[in-house]
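Biologist: I would like to learn how to read aromatic pairs in a protein model. Could you walk me through an example?

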Amino acid sequence: MAGKLHNIANVLYGKAGEVDLQSYKNGKGACKMPKMIIAVAMFVWVLSGCGFNSGSNTTGNPTANDVLSTNPDANIFMYQDIIYSAGIDWVDELTLTKDKEITEVIEQQEDGRKFKNGTANKLKAGTKFFSAKERKDILIAETEEGEIRFYSLIEG
């Protein structure tokens, strides 16, 4: 047995001469470096796994489905492939001026996976949207109850 361990250690670790079998059994000496390499490799492997996408949309702008799955009560609209969301306090507090009419709601849809440009989940078809003079990232919807401001949900 000792001869086999000696030969294995010499082949694996490129050692010439005798290997101290007691050090080998205790994890010292010839085995120290490979254990360190294995530990570092495992650590890197675990860390690299943390960056994998777990199925959610982690890069790019949020989709209607992303927004509605985290907040089913959200009031959203899709325009130029961007989701706009209402009910954001700081947006509602801004002093804004309605500018040009730019689009309108084409259809109302509860299923976020079926959203396309012109789709809203709460606003009625035909609701008009206007740009805001002061901000390019905010749309103003004109409804029977008054104006509703929608902020673009852009990542980054």
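Modeller: Gladly; we will go from the overall fold to the aromatic rings. Please keep in mind that this is a predicted model.

Biologist: Let us begin with the fold, then. How many helices and strands are there in the protein chain?

Modeller: The protein chain has five helices and eight strands. Read from the N terminus, their order is α-α-α-α-β-β-α-β-β-β-β-β-β. Of the 156 residues, 33% are buried.

Biologist: Now the rings. What describes a pair of aromatic rings?

Modeller: Two values do: the distance of the centres and the angle of the planes. This structure holds four aromatic pairs. In one of them, the ring centres of Y79 and Y84 lie 6.3 Å apart with the planes at 55°, so this pair is tilted. Both Y79 and Y84 are buried.

Biologist: And why is the pair of F129 and F150 edge-to-face?

Modeller: Their planes stand at 65°, with the centres 5.2 Å apart, so the pair counts as edge-to-face; the cut-off for that class is over 60 degrees. This pair links distant parts of the chain: F129 belongs to strand β6 (residues 128–132) and F150 to strand β8 (residues 146–152), 21 residues apart.

Biologist: Are F129 and F150 buried or exposed?

Modeller: F129 and F150 are both buried. Together with F77, they form one aromatic cluster.

Biologist: Which charged end sits over the ring of F130?

Modeller: That of K98, 4.7 Å from the centre of the F130 ring.

Methods
Residues numbered from 1 in each chain as written. Predicted model: local features only at pLDDT ≥ 70, side-chain atom pairs only at ≥ 80, totals over all residues. Heavy atoms only, no water. Phe/Tyr/Trp six-rings, centres within 6.5 Å; stacked < 30°, edge-to-face > 60°. Buried < 20%, exposed > 50% of the residue type's maximum accessible area, 1.4 Å probe, protein only. Helix = DSSP H or I, 4+ residues; strand = E, 2+ residues; numbered from the N terminus. Lys NZ or Arg CZ within 6 Å of the ring centre and 35° of its normal.
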